[in-house]
Amino acid sequence: MAMLGQSSFRRILLSRILIFSIPILLLGVAVTFRKARTSLLDTARQNLMESAIRKADTIQSSIEALQTSLAIASQTSVLQSGSSPESQSFLTQLLPQLPTDVRCLQLTDLQTNQLVASTCGTTALTSITQDTFSPTQSNNDSLKAHLLSIDTSNQEMQAEMQSQLILDMSTPVYVNGKLRYGLTAQAVVKQLESAEPWSLLGYTVVLDQDGTFLAHPVPSWLGRNISEASDSERFQNILSSASRNERATRHLFDFIGDETEWLAGFTPVEIPISATETHTWVVLAATPLDNALQGLQSITQILVILTTGLLSAHLLAMLYMARDLSLPIEQLGKYARRIHKRGPLERAPKNFKIRELNQLSGVLDNMVSRLEERARELEAAWQEAEAANQLKSEFLANTSHELRTPLNAIIGCIRLVQDGCCDTREEEKEFLEQADKAAVHLLKIINDLLDIRRIEEKGLPLSIELVDLRTIIKEVIDIQAVQIQQKGLQLTVPELLHPIMVRVDPARLKQVFLNVVYNATKFTDKGGITLKTRVETAVGSAPHNDGQNGRQDALYSESWIVISVQDTGIGIDPAQQHKLFRPFVMVDGTTTRKYEGTGLGLAISRNLVEMMGGSITLQSEGADKGTTVEIALPIVEASELSSESPVVDGTPEVSTSVSRS
């Protein structure tokens with residue numbers, strides 16, 4: 001572990017080089033990025049200002065074209081005649097021929113203020129009188145900008161965010177040199193606009209000289225004053241600059257209520273309202289700043305990739321330079337740090353270009369080899385002593401306890417009879433029977449000890465023969481039934497109607513079943529014990545010679561009979577289950593445990609079953625959830641039986657369980 005304030009040689013070398021080189025590289029990237037942003041912003045400002053000029057020219061030319069068209073139309077004899085049908089027909093034909101998008105044309109009698117003809121209903125577009133125009137014939141037309149409310153329920157129009165300037169324009173109609181009629185047109189001045197990325201046309205915004213929005217991409221702002229906008233100071237600055245006939249760009253915030261920054265170019269335009277009056281309008285081309293700087297994203301990606309590549313190349317170069325300088329020392333240091341967990345064949349690194357480091361490596365390797373050899377000897381000796389001591393203690397404690405209990409019972413009962421403490425012959429027989437039971441139990445313990453010893457030495461003989469499994473199960477049930485009944489447990493066994501032939505040692509298999517059923521009875525205080533059988537089929541392959549193609553693998557299937565002994569007893573913690581098939585090991589290994597036993601029963605049973613070609617397993621969901629022991633043995637099929645061992649039906653069946661209490 002490195003001490004506080006210390007660092008590796010390679011880290012110090014790399015850090016010194018990178019401290020001076022990386023800031024210079026990053027500074028160059030930052031300057032490049034800022035220069036690119038400034039250039040893009042200047043280009044966007046110039047394009048938006050030019051777009052505003054084009055929009056202003058479009059508005060002005062549209063108004064002038066409409067003025068000219070209306071002035072020509074006012075000179076026609078049809079309108080001067082004042083005939084309603086003829087005027088109506090003339091206006092209907094004139095409407096699509098006008099150069100501007102005109103929605104409505106109306107002819108008004110200025111003496112009666114009644115509509116003579118109209119292309120859009122009977123409601124007057126605007127109120128005009130004789131005072132609006134010169135009383136004598138003149139070429140001066142009267143233009144009046146009139147803002148109409150846009151239907152805000154038109155969601156399609158709002159979604160498109162289309163700016164429209166709607167004007168009401170009137171021109172006088174003179175009859176014999178006297179003012180008689182007024183020709184009114186409602187025109188929509190549309191603009192080519194877009195605020196998409198890479199496009200710098202922008203949305204069209206038109207401001208009157210008093211700050212009223214005449215056109216706006218958001219319909220709700222039409223007719224409202226700039227004083228109501230959150231960015232009113234910037235709009236006021238735009239009006240002031242336009243009044244000085246300036247063309248420029250400004251940054252706007254919260255332009256359409258989305259709290260984003262917009263960039264707008266603007267220009268003033270003179271609009272004649274009447275023969276003697278003109279208004280200065282301000283035309284803006286506005287677009288979001290992010291769209292105006294859309295190209296900056298590509299530049300940023302290129303700079304990021306370039307910077308990453310340069311940093312990676314720079315770092316790799318530094319690593320390569322530092323490698324030859326620090327690698328030998330680092331290799332020796334790593335070897336020293338992992339000495340305690342190195343492989344048996346691993347040696348200290350050598351073949352360095354520095355002679356002193358090679359010598360140090362050899363000395364370190366020899367020293368570590370001697371220390372590891374001594375450590376292995378000590379570890380092996382300690383483990384052997386510890387294991388032997390633990391096994392001896394457990395064996396002596398368990399065995400002495402199990403032997404002492406029946407011996408005490410035998411000695412006590414015999415002395416009671418010997419000392420004449422029994423009043424009747426029946427009492428003497430009762431004590432002698434208890435002594436006999438204790439002696440049988442003692443003999444079982446001794447037999448278990450001898451069996452496990454002979455199994456470990458591979459000296460336990462087996463007498464394999466063909467038997468009917470039903471016979472062994474019946475004998476085991478008959479032996480254990482009395483003890484099960486005495487504990488008040490319910491015993492459920494299968495009704496086996498057909499023979500189940502297996503090749504086993506009958507006595508040893510009976511010993512296995514007795515151990516399993518005895519354990520189930522011993523560890524169950526209430527509920528019952530259930531025996532079940534089922535047949536399972538295992539499919540495998542084995543070498544086979546067909547005489548033509550030589551040795552091949554042939555598929556075969558083998559049937560197994562599985563006998564499960566399930567109890568409702570104390571159960572076993574899943575973490576402890578792996579210990580139960582080990583000799584002299586019990587879940588509760590203390591001499592003060594509640595249940596007797598040496599811990600040899602399941603160990604002997606497992607060895608015996610495996611010696612007979614079967615398997616035994618144990619499952620339990622946990623404490624107080626019962627235990628299930630399953631014994632699996634291969635079934636001898638009818639085709640394999642010899643003539644000396646006839647079989648009625650070689651296929652075992654599992655039938656409905658019946659209860660014995």
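Figure 1. Arg-534 counts as partly exposed, because its relative accessibility is 32%. Glu-630 has a relative accessible area of 18% and is therefore buried. (Buried stands for under 20% relative accessible area, exposed for over 50%, and partly exposed for what lies in between, using a 1.4 Å probe and protein chains only.) What you see here is a predicted model, in which local features need pLDDT of at least 70 and side-chain atom pairs count only at pLDDT 80 or more, while totals for chains, interfaces and linings use all residues. Residues are numbered from 1 along each chain as its sequence is written, and side-chain values use heavy atoms, with hydrogens and water left out. The two residues form a salt bridge, with 3.2 Å between the closest N and O atoms. This pair links distant parts of the chain, Glu-630 being in strand E17 and Arg-534 in strand E14 (residues 528-545), 96 residues apart. A salt bridge here is a side-chain nitrogen of Lys or Arg within 4 Å of a carboxyl oxygen of Asp or Glu, and the structure holds 13 of them.

Figure 2. Arg-606 and Glu-610 form a salt bridge whose closest N and O atoms are 3.3 Å apart. Arg-606 is partly exposed at 35% relative accessibility, and Glu-610 is partly exposed too, at 43%. The two sit 4 residues apart in helix H12 (residues 601-611), so about one helical turn separates them. (Helices, H or I with at least four residues, and strands, E with at least two, are DSSP runs numbered from the N terminus.)

**Figure 3. Asp-468 meets Arg-470.** Their side chains come together in a salt bridge, at 3.0 Å from N to O. Asp-468 is buried, at 15% relative accessibility, whereas Arg-470 is partly exposed, at 26%.

**Figure 4. The disulfide of Cys-104 and Cys-120.** The structure holds 1 disulfide, a term used here for a pair of cysteine sulfur atoms within 2.5 Å. The sulfur atoms of Cys-104 and Cys-120 are 1.7 Å apart. The link is left-handed, with -60° about the S-S bond. Cys-104 belongs to strand E1 (residues 101-109) and Cys-120 to the loop between strand E2 (114-118) and strand E3 (142-144), so the pair ties together parts that are 16 residues apart in sequence. Cys-104 is buried at 1% relative accessibility, while Cys-120 is partly exposed at 33%.

**Figure 5. A nonpolar patch on the surface.** Leu-315, Leu-316 and Leu-319 make up this patch, with about 250 Å² of accessible area together. Patches are made of residues with over 30% relative accessible area and no salt bridge, with like charges joined within 9 Å and nonpolar side chains (Val, Leu, Ile, Met, Phe, Trp, Tyr) within 5 Å. Accessible areas come from the Shrake-Rupley method with a 1.4 Å probe, and for residues only the protein chains shown count as cover. Leu-316 lies in helix H7 (residues 295-337) and counts as exposed, at 57% relative accessibility.

**Figure 6. Asp-231 and its contacts.** Asp-231 is in the loop between strand E7 (213-215) and helix H5 (232-243). Leaving aside residues up to four places away in sequence, Asp-231 touches His-251, Leu-252 and Phe-253; contact means heavy atoms within 4.5 Å. Asp-231 is buried, with a relative accessible area of 10%.

**Figure 7. Where to read with care.** pLDDT, the predictor's confidence in each residue from 0 to 100, averages 77 over the chain. Confidence is highest in strand E17 (residues 627-634), at a mean of 92, and lowest in strand E18 (residues 657-660), at 32. Over residues 137-161, pLDDT stays under 50, and it also stays under 50 over residues 643-661. Where pLDDT is low, the predicted coordinates should not be read in detail.
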